[in-house]
Amino acid sequence: MKCLRSLEVAIYLSLLLLGWASAAFPKTPVRVFVSILPQKYFVEKIGGKLVDVSVMVEPGADGHTFEPKPKQMVALSKTMIYFAIGIEFENVWLERFIAINSKMLIVHTDAGIDKISMITQHHGEERHNQDKEVIKDPHIWLSPPLVKIISQNIIESLLDVDPAHGSIYKANFKKFMLEIDDLDSELRKIFAGEDTGVEFMVFHPAWGYFALAYDLEQVPVEIEGKEPKPAELKHLIQHAKEKDIKVVFVQPQFSPAKARIIADSIGGQIAFVDPLAADWSKNLRETATKFKAALR
Ligand code: ZN
């Protein structure tokens, strides 16, 4: 009986402590979590010093097969906003994040974006993922026009959570929109003069929205995690030869071994482009230059 009492007291005390901890929640910097590194860039552009951004998928990790670390789960308990972007692991984990911190606001920064499917119209035939319904392409952050929509969703939630600093968020946002406009016109210039639908080959199809924005066509080796069957591989190699494709782009998070095999069989080479780089503007500029060089 006495033992039960002290247990009750212990529970009561810890509840008190929890209550105290949430009451002492600092207003700024606003602690937020994002799924991937490029989102950190967006949130910091808009939030500046008023936000403290943690990233779920740490550098070098693969966003498709990711699982959070225990220390990240602990950090979530002190987070005010989780900025989701719509990548796979969120489907499973967002619920668990909410279970840890029910006060945390989950913002779907992909809201309002019409996603393209991962099925690619390639060489007149469709490559399906048979067992599942159509998979939507999650790589929206690689298109400057779409990052404007993502940013709109970010600023709206920051204004909700921290209205006192509204004018700062708005001024930062305006500046960031100008940065995106500048980048966008720079990329348009890079690809000006290319034929519409000129092709580049990537191992992992992360650049579909980028291609869409600049009138290029991405020829993927894999369809979201699935490697090509021998017949498809043969077809791809044939296609690359016909189109005079000489570069297979790979991302640093994946092993380049398979891409190297394809590159060898078309007498080409592999090159690296990173869909998850921290400096988003600089990365897109560099990537555009690499794609452009491969179109020669
Ligand atoms: Zn991906």
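The secondary structure of the chain comprises ten helices and ten strands, where helices (H or I, at least four residues) and strands (E, at least two) are DSSP runs numbered from the N terminus. The model is a predicted one, in which local features need pLDDT of at least 70 and side-chain atom pairs count only at pLDDT 80 or more, whereas totals for chains, interfaces and linings use all residues. Residues are numbered from 1 along each chain as its sequence is written, and side-chain values use heavy atoms, with hydrogens and water left out.

The chain exposes about 15400 Å², of which carbon and sulfur atoms supply 58%; accessible areas come from the Shrake-Rupley method with a 1.4 Å probe, and for residues only the protein chains shown count as cover. Among contacts (heavy atoms within 4.5 Å) between residues at least 6 apart in sequence, 63% join residues at least 24 apart.

An open sheet is formed by four strands in the order β2-β1-β3-β4, with parallel pairing; two strands pair if DSSP finds at least two bridges between them. Five bridges link β1 (residues 30-34) to β2 in the parallel sense, and Arg-31 stands opposite Asp-52 in β2. Helix α5 (residues 144-161) packs on the sheet and touches β1, β2, β3 (81-84) and β4. The direction of α5 makes about 170 degrees with that of β3; axes are lines fitted to C-alpha atoms, for helices over the stretch in contact, and angles run from 0 to 180 degrees between N-to-C directions.

In the loop between β4 and β5 (121-122) lies Asp-110, which is buried, with a relative accessible area of 14%. Leaving aside neighbours within four places in sequence, Asp-110 is in contact with Ala-84, Ile-85, Gly-86, Lys-115, Ile-140 and Asn-153.

Helices α6 (residues 166-191) and α10 (residues 280-294) pack at an angle of about 5 degrees, with their axes 10 Å apart. The two helices are therefore roughly parallel to each other, a term for angles under 35 degrees. Residues of α6 including Phe-176 and Leu-183 meet residues of α10, among them Trp-280 and Leu-284.

Key: Angles under 35 degrees count as roughly parallel, over 145 as roughly antiparallel, 65 to 115 as roughly perpendicular and the rest as oblique. Buried means under 20% relative accessible area, exposed over 50%, partly exposed in between (1.4 Å probe, protein chains only).
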